[in-house]
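Subject: Structure for your review

Dear colleague,

Please find below the structure I promised to hand over.

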Amino acid sequence: MTLELARIPGLDRPGPDAGGTRAGRKLKAGGTRRTFLRAVALGALTLGATALDWSGLSRVRKANAEFSPYGMPGFDRNDCHDAYPTGYAELPDTSGAYVNAYAACFGGFWRGSTYCDAGWHKYGTWNEGGIQVDHQPVANTCGQFVGKNAWRWTTPDQKVYRCSDGFSTFWGGGYTGQTYLTICRAAL
């Protein structure tokens, strides 16, 4: 038996032996291939938008203020204008992993990743090379109206860092309880 093109029923017309269905009786006749393709495209777009919404990629991310592990607030912007409205001149790190990177933090006697623990300024007593260091995060050195512990900064290479304030008191190795403002610089 050979297949003839004339005997293949069109998509928009039922075959000669086709009977009506209960669902099809109430539908208007006149669907075309174009209508079918539109429905398929609309369905694909709907599924894609739903998948984006479920993944959170379609939502606009809102900036939220961060809080340190010790409950101190940090700034939620990447340009520090909420702490310094006219900006500031970044200072290079004095120690740690980012000494040779773009400067990000400002202030403090010393700045660097060596003053960080889990991305925030260290807290508690630490033994660092035979010297006892008492670290205390603070929230009263940055900001004009509300004290904050940390702020974010974006460097020219588009990397974002958190600069977290604290005081560090050194004992031993020539130190006799001197306290300095130190800045933890952590990559985000």
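The average pLDDT of the protein is 79, and 67% of the residues score at least 70. Residues 58-63 call for caution, as pLDDT stays under 50 there. For that stretch the model has four contacts beyond four places in sequence. Where pLDDT is low, the predicted coordinates should not be read in detail.

I turn next to the strands. Strand S7 (residues 160-172) and strand S8 (residues 175-187) run antiparallel and are joined by 12 bridges. Within this pairing, Tyr161 has Ala187 of S8 as its bridge partner. The two strands form a hairpin with two residues between them, and Gly173 in the turn has a positive phi of about 65°. S8 also pairs with strand S1 (residues 110-112), here in the parallel sense and over three bridges. In that pairing, Gly112 stands opposite Cys184.

Seven aromatic pairs are found in a search of the whole structure. One of them joins Trp110 and Phe170: the ring centres are 5.2 Å apart and the planes stand at 85°, an angle over 60 degrees, so the pair is edge-to-face. This pair links distant parts of the chain, with Trp110 in strand S1 and Phe170 in strand S7, 60 residues apart. Both Trp110 and Phe170 are buried. Phe170 also forms a tilted pair with Tyr175, at 5.2 Å centre to centre and with 35° between the planes. How do these two partners stand in accessibility, buried or partly exposed? Phe170 has a relative accessibility of 7% and therefore counts as buried, whereas Tyr175, at 25%, counts as partly exposed. Phe109, Trp110, Phe170, Tyr175 and Tyr180 form one aromatic cluster.

Two arginines are placed over aromatic rings. The charged end of Arg162 sits over the ring of Trp120, 3.9 Å from its centre. Arg185 lies over the face of Tyr161, at 4.1 Å from the ring centre.

A polar atom of the Trp126 side chain lies 3.3 Å from the backbone oxygen of Tyr123. Not counting residues up to four places away in sequence, Trp126 touches Asp117, Ile131, Gln132, Val133 and His135. Along the chain, Trp126 and Phe170 are 44 residues apart, while their C-alpha atoms are separated by 9.8 Å.

Finally, I would draw your attention to Asn149, in the loop between strand S5 (131-137) and strand S6 (150-154). Why does Asn149 count as buried? The reason is that its relative accessible area is 1%, and buried means under 20%. Which polar partners does the side chain of Asn149 have? A polar atom of this side chain lies 2.8 Å from the backbone oxygen of Val138, and the side chain also makes a polar contact of 2.7 Å with the side chain of Ser164. Leaving aside neighbours within four places in sequence, the contacts of Asn149 include Ser68, Met72, Pro73, Trp120 and Cys163.

With kind regards

How values were computed: Residues numbered from 1 in each chain as written. Predicted model: local features only at pLDDT ≥ 70, side-chain atom pairs only at ≥ 80, totals over all residues. Heavy atoms only, no water. Pairing = 2+ DSSP bridges. Helix = DSSP H or I, 4+ residues; strand = E, 2+ residues; numbered from the N terminus. pLDDT = per-residue confidence, 0-100. Contact = heavy atoms within 4.5 Å. Phe/Tyr/Trp six-rings, centres within 6.5 Å; stacked < 30°, edge-to-face > 60°. Buried < 20%, exposed > 50% of the residue type's maximum accessible area, 1.4 Å probe, protein only. Lys NZ or Arg CZ within 6 Å of the ring centre and 35° of its normal. Polar contact = N/O pair within 3.5 Å; in protein donor to acceptor, adjacent residues only side chain to side chain.
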